Amino acid sequence: RWTAGGFIDMALFFDAAKVTAERRDLNLSALKTTYGIGVRFHTPFATPLRIDLAHTHEGTGVVLAFGPSF
């Protein structure tokens, strides 16, 4: 994460996950991955808007989120 301006932060992200029907099938093989870049608009007290551009094996998408971020 880095500061791009007085009220804007940018973030790069990478995520890997797996969903299974049975707990015994949960392991680290064949993980699905997502990566992208995000912009966070904030005030000194809150981050009211996040916009993420993400790429997955299914394609590219935009995610808008209103509310707190971590």
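Strands here, like helices, are DSSP runs numbered from the N terminus; a strand is E with at least two residues, a helix H or I with at least four.

Some ground rules. This is a predicted model, where local features need pLDDT of at least 70 and side-chain atom pairs count only at pLDDT 80 or more, while totals for chains, interfaces and linings use all residues. Residues are numbered from 1 along each chain as its sequence is written, and side-chain values use heavy atoms, with hydrogens and water left out.

Back to Leu53. Strand β4 covers residues 49-56. The cut-offs are under 20% for buried, over 50% for exposed and partly exposed in between, with a 1.4 Å probe and protein chains only.

Which residues does Leu53 touch? Leaving out residues up to four places away in sequence, the list is Phe13, Tyr35, Gly36, Ile37, Thr60, Gly61 and Val62. Contact means heavy atoms within 4.5 Å. For contrast, take Lys18. Lys18 is 35 residues from Leu53 in sequence, and the C-alpha atoms are 21 Å apart in space.

Now the surface. Leu53 belongs to a nonpolar patch with Trp2, Leu12, Ile37, Val62, Leu64 and Phe66. Together these residues have about 750 Å² of accessible area. Areas come from the Shrake-Rupley method with a 1.4 Å probe, and for residues only the protein chains shown count as cover. Patch members need over 30% relative accessible area and no salt bridge; nonpolar side chains (Val, Leu, Ile, Met, Phe, Trp, Tyr) are joined within 5 Å, like charges within 9 Å. Which strand gives the most to the nonpolar patch? Strand β5, residues 59-66, with three residues.

Next, the whole chain. The protein chain has five strands and zero helices. Along the sequence the pattern reads β-β-β-β-β.

Now the pairing. Two strands pair if DSSP finds at least two bridges between them. Strand β1, residues 2-5, runs antiparallel to β2, and three bridges join them. Gly5 stands opposite Ile8 in β2. The two strands form a hairpin, with two residues between β1 and β2.

β2 also pairs with β3. That pairing is antiparallel, with 10 bridges. Ile8 has Phe41 as its bridge partner in β3.

Then β4 and β5. Eight bridges join these antiparallel strands. A hairpin of two residues joins β4 to β5. Asp52 stands opposite Val63 in β5.

How many does a search of the whole structure find? Two. A salt bridge here is a side-chain nitrogen of Lys or Arg within 4 Å of a carboxyl oxygen of Asp or Glu. Arg40 forms one with Asp52, and the closest N and O atoms are 2.5 Å apart. Arg40 lies in strand β3 and Asp52 in strand β4, so the pair ties together parts that are 12 residues apart in sequence. Both partners are buried: Arg40 has 12% relative accessibility, and Asp52 has 15%.

The other bridge joins Glu22 and Arg24, with the closest N and O atoms 3.7 Å apart. Glu22 is partly exposed at 37%. Arg24 counts as exposed at 69%.

One backbone point. Most residues other than glycine have a negative phi. Ala30 is not a glycine, yet its phi is positive, about 60°. Where is Ala30? In the loop between β2 (8-17) and β3 (32-41). Ala30 counts as exposed, at 63% relative accessibility.

Last, overall dimensions. The radius of gyration of the protein chain is 15 Å, whereas a compact globule of 70 residues would be near 11 Å. That radius is taken over C-alpha atoms, and the globule rule is 2.2 Å times the number of residues to the power 0.38. The C-alpha trace spans about 45 × 25 × 20 Å along its principal axes.

Buried residues make up 19% of the 70. The protein chain exposes about 5500 Å², and carbon and sulfur atoms supply 64% of that area. Among contacts between residues at least 6 apart in sequence, 29% join residues at least 24 apart.
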